[in-house]
Amino acid sequence: MAVLWSADEPLRVRDVMGRLDPARPLAYTTVMTVLDNLHTKGMVSRNRVSRAYRYQAAQSREETAASLLRQVLDASGDAEQVMLHFANSATEDESRILRRAARRTQSRRRGDAR
């Protein structure tokens, strides 16, 4: 996914392979299988150009991370406790970001209610 997120355009399997730096060589079919699985999961989209598919991330890295956090909160059984534990472990920068996001969300919701 990091390769697709950093690309400016959709990539062929061979393009992805060329941008990877694996500890040991990867087979073309291995990369193709991973991209096909990511497509099946909706994490990448693809378009056929000539005889090859070109893949691109379906969501940004940030959107994907937020979606994963949502899944963790939903699966936790107690989202409030998880968020409180996270807030207690947050760095000063992360706390500042959370406060700013909370203010923006409150402001947006007040604006939506009018």
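What share of the contacts in the chain with a separation of 6 or more comes from residues 24 or more positions apart? Such residues account for 33% of these contacts, a contact being a case of heavy atoms within 4.5 Å. The model is predicted, with local features requiring pLDDT of at least 70, side-chain atom pairs counted only at pLDDT 80 or more, and totals for chains, interfaces and linings using all residues. Residues are numbered from 1 along each chain as its sequence is written, and side-chain values use heavy atoms, with hydrogens and water left out.

Six helices and two strands were assigned to the chain, where helices (H or I, at least four residues) and strands (E, at least two) are DSSP runs numbered from the N terminus. The order of the elements from the N terminus is α-α-α-β-β-α-α-α. The chain is more spread out than a compact globule, because its radius of gyration is 19 Å, well over the 13 Å that the globule rule gives for 114 residues. This radius is taken over C-alpha atoms, and the rule is 2.2 Å times the number of residues to the power 0.38. Along the principal axes, the C-alpha atoms fill a box of roughly 50 × 35 × 25 Å.

The accessible surface of the chain is about 9,100 Å², and carbon and sulfur atoms contribute 50% of that surface; areas come from the Shrake-Rupley method with a 1.4 Å probe, and for residues only the protein chains shown count as cover. Of the 114 residues, 14% are buried, where buried means under 20% relative accessible area, exposed over 50%, and partly exposed in between (1.4 Å probe, protein chains only).

Ser50 is exposed, with 67% relative accessibility. The phi angle of Ser50 is near 60 degrees, a positive value in a residue other than glycine.

One aromatic pair is present in the structure. Tyr53 and Tyr55 form this pair, which is tilted, with 6.2 Å centre to centre and 55 degrees between the planes. Rings of Phe, Tyr and Trp (its six-membered ring) pair if their centres lie within 6.5 Å; planes under 30 degrees apart count as stacked, over 60 as edge-to-face and the rest as tilted. Tyr53 is partly exposed at 29% relative accessible area, whereas Tyr55 is buried at 2%.

Two arginines also lie over the ring of Tyr53. The charged end of Arg46 is 4.0 Å from the ring centre of Tyr53, and Arg48 is over the face of Tyr53 at 5.0 Å from the ring centre. A charge sits over a ring if NZ of Lys or CZ of Arg is within 6 Å of the ring centre and within 35 degrees of the ring normal.
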